[in-house]
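Good morning. I have one model to go through today, and I will keep to what can be read from the coordinates. Please have a look at it first.

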Amino acid sequence: MADGHVALGELVTFSNGRSHPAAGTAYTTYGANGVIGVSGGFNAGPRTTVIGRVGTYCGAVHYSPDQCWVTDNAIIATAKEDVNPRYVYYLLKRLGLNRYRIGSGQPLLTHGILNRLTVRRLSRTEQDAAASVLGALDDKIAVNGRIASCGDALIRARYEESASTSRIPIGALGELVRSNVPPHLIARDENYIALEHMPKRHMWLSAWTDASAVTSAKKRFAPGDVLFGKLRPYFHKVGLAFVDGVASTDILVVRPKEPAHRGWLLAALSSDEVVAHASAIGDGTRMPRARWQDVAAFEVPWPGDDRARRFDEFATALARRVEAATSESTALANLRDTLLPELLP
């Protein structure tokens, strides 16, 4: 195009993913909103961008540095010759693809829509420069994410090692924060955590939003509280709060009775054993909910006060490291999002 723009289809090749990946664990599987599991095979090469094709996450954009399997709910975006693959990822994020979807009941993105979009033409040198700067920020965010995952795994391993034949009810370690906060007493800029902000089987709560859209009563929580997703507890959403704020009433806010037992309480509540119990006794069939009295009565291993305190020192040190990494990642993500429109106008 003579005006310095180019059709997206001249830079990127689009193809649909496929359902039913082969059984196995060698490759990551991507759906419409990112990683959903693993596969024994791959249908997309390294440095692929994955675009949500249909449904709620239509237009969501994710990047796979390695070979992967992409389901039929997503589109595989492959950079053409002499186009930087990571530049393609940031370009597609910059475009805000969700606004180009068609359909209301079942939103959809098509290859035709994507191919016809126009973008500013950048030289390969400009592509490489933008991808290098933005990629360095995302790479550091990924490192911080691995720190959090390692901290999670270390605490789980130490919990298993420290377990003994003695047992104690969870209710002896923590108490439920019961009071509801009416919406008119919740400031718009307060932190708000809903189930959607809680990662599965990951004990650090590093995501939240502001409470500007809150219209109903919520539970107030403080730093160091353990949040336990009671709605469909089998999703295993349990984590430690780093900030204060308000939480959805689909979340149990549990506060340690003894600060020095916080680490053990966190490890116990986020253990597979406790989550399995909460899932088994939850009220309801389609949308089961765990009740605090059932969780509180469940007995978990108890190593004794001295070992529990030493365990808490270990867990607290890891939590502080993860919290620092989380804070850094938030700042890096804000910087990346600020630079994105500057580097890719």
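Predicted model: local features only at pLDDT ≥ 70, side-chain atom pairs only at ≥ 80, totals over all residues.

Arginine 47 sits in the loop that runs between strand E4, residues 34-39, and strand E5, residues 48-52. What stands out in the backbone is phi, which is near 65 degrees for arginine 47, a positive value in a residue other than glycine.

Where is arginine 201 placed? It is in the loop between strand E13, residues 191-193, and strand E14, residues 204-205.

E4 belongs to an open sheet of three strands, in the order E4-E3-E7, with mixed pairing. The edges are E4 and strand E7, residues 68-70; each has a single partner strand, so one side of each is left without a neighbour in the sheet. On average, neighbouring strands here are turned by 30 degrees against each other, with direction ignored. Strand E3, residues 27-31, runs antiparallel to E4, and five bridges join the two. To give one of the pairs, tyrosine 27 has serine 39 in E4 as its bridge partner.

Now the sheet that includes E13. This one is open and has five strands, ordered E12-E16-E19-E13-E15, and its pairing is mixed as well. Which strands are at the edges? They are strand E12, residues 180-181, and strand E15, residues 209-210, and each of them pairs on one side only. Further in, strand E16, residues 218-221, pairs with strand E19, residues 245-247, in the antiparallel sense over three bridges. Lysine 219 has alanine 247 of E19 as its bridge partner.

On to the helices. Helix H1 covers residues 85-95 and helix H7 covers residues 305-343; they pack at an angle of about 90 degrees, and their axes are 10 Å apart. The range for roughly perpendicular is 65 to 115 degrees, and H1 and H7 are therefore roughly perpendicular to each other. Which residues make the contact? From H1 there are Tyr90, Lys93 and Arg94, and from H7 there are Arg336, Leu340 and Pro341. Sorted by class, the contact of H1 with H7 has three nonpolar residues, three charged residues and no polar ones.

Last, the chain as a whole. It has seven helices and 21 strands. Of its 345 residues, 48% count as buried. Taken along the principal axes, the C-alpha atoms fill a box of roughly 75 × 45 × 40 Å. The accessible surface of the chain is about 16600 Å², and carbon and sulfur atoms account for 50% of that. As for contacts, consider those between residues at least 6 apart in sequence: 75% of them join residues at least 24 apart.

That is what I have. Thank you.

Key: Residues numbered from 1 in each chain as written. Heavy atoms only, no water. Pairing = 2+ DSSP bridges. Helix = DSSP H or I, 4+ residues; strand = E, 2+ residues; numbered from the N terminus. Axes fitted to C-alpha atoms, helices over the stretch in contact; angles between N-to-C directions. Parallel < 35°, antiparallel > 145°, perpendicular 65-115°, else oblique. Contact = heavy atoms within 4.5 Å. Nonpolar A, V, L, I, M, F, W, Y, C, P; charged D, E, K, R; others polar. Buried < 20%, exposed > 50% of the residue type's maximum accessible area, 1.4 Å probe, protein only. Areas by Shrake-Rupley, 256 points an atom, 1.4 Å probe, with all protein chains shown as cover.
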